[in-house]
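Visitor: Can you walk me through this one? I'd like to hear about helices and rings.

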Amino acid sequence: MMTSNLRDNERIDDLQRNGYKIIQKTNGFCFGMDAVLLSGFAQVKQGEKAIDLGTGTGIIPILLEAKYKGEHYTGLEIQNEMADMALRSVALNRLEDKISIVCGDIKEASSLFGNAVFDVVTSNPPYMNDSHGLKNPHVPKAIARHEVLCTLDDVCREAARLLKPGGRFYMVHRPHRLIEIITTLTKYKLEPKRMKMVHPFVDRDANMVLIEAVRGGRSMIKVEAPVIVYREPGVYTDEIYSIYGY
């Protein structure tokens, strides 16, 4: 184990795929089920280039590289400390030729990379649009969960600019904002094509939604069978184990 890659209060976790590992904080923001589900829902075809907006520790590009034969993956992250962790995780897995990590602002993504340069854009953006009650709006957890530094509109606008015509945008979000999500996507000519609800248990309401939208696509959406996360408390369903790669 390459512990020399670690800073204070960090650990290395095994991703259970291709022998890949990821560096995370022992007491800070860590990737969750939403990132894993998004990596299972998104598709990157051979020869395609993909970018993840707000990549955090780089979990989504690393998982996508493990699953697909895309030509190259990029992660964009505004927080220096998170981008540094992502860079070190890429190096830990010897993926420097396949994954690039860039420290920059989602709101300026198309200025950084240019228009119509990616086949695939993914994002696990902040879910909450109300910062009420935030004691410190600049701590990593707040930035990851609340629209402190970027909004849903920013993410959809930049995804549309970055994508080639016919390119695909994959996003995980919360069902209570679904109307706003669809309205914002179509505002930027990102046509929703696939949608999948995620339920913690079979008898519980959905708490996440996965959406694929196509730049310039025609209006028709397929609502796929939902994902059920747990068979019983603490026991994943077969679908979740297969997404994890077990």
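This is a predicted model: local features need pLDDT of at least 70, side-chain atom pairs count only at pLDDT 80 or more; totals for chains, interfaces and linings use all residues.

Visitor: How many residues of α2 are buried?

Guide: Eight of the nine in α2, residues 59-67. Buried means under 20% relative accessible area, exposed over 50%, partly exposed in between (1.4 Å probe, protein chains only). Helices are DSSP runs of H or I, at least four residues, numbered from the N terminus. Among the buried ones are Ile59, Pro61 and Glu65.

Visitor: At what angle do α6 and α7 pack?

Guide: About 35°, with axes 9 Å apart. Axes are lines fitted to C-alpha atoms over the stretch in contact, and angles run from 0 to 180 degrees between N-to-C directions.

Visitor: Which residues of α6 meet α7?

Guide: Leu152, Asp153 and Cys156. Contact means heavy atoms within 4.5 Å. Their partners in α7 include Ile181 and Leu185.

Visitor: Now rings. How many aromatic pairs?

Guide: Five. Ring centres of Phe, Tyr or Trp (its six-membered ring) must lie within 6.5 Å; planes under 30 degrees apart are stacked, over 60 edge-to-face, the rest tilted. Phe113 and Phe118 are edge-to-face, at 5.8 Å and 75°. Phe118 is buried at 7%, and Phe113 is partly exposed at 23%.

Visitor: Which residues do ring pairs link into a cluster?

Guide: Phe201, Tyr230, Tyr236 and Tyr241.

Note on methods: Residues are numbered from 1 along each chain as its sequence is written. Side-chain values use heavy atoms; hydrogens and water are left out. Helices (H or I, at least four residues) and strands (E, at least two) are DSSP runs, numbered from the N terminus.
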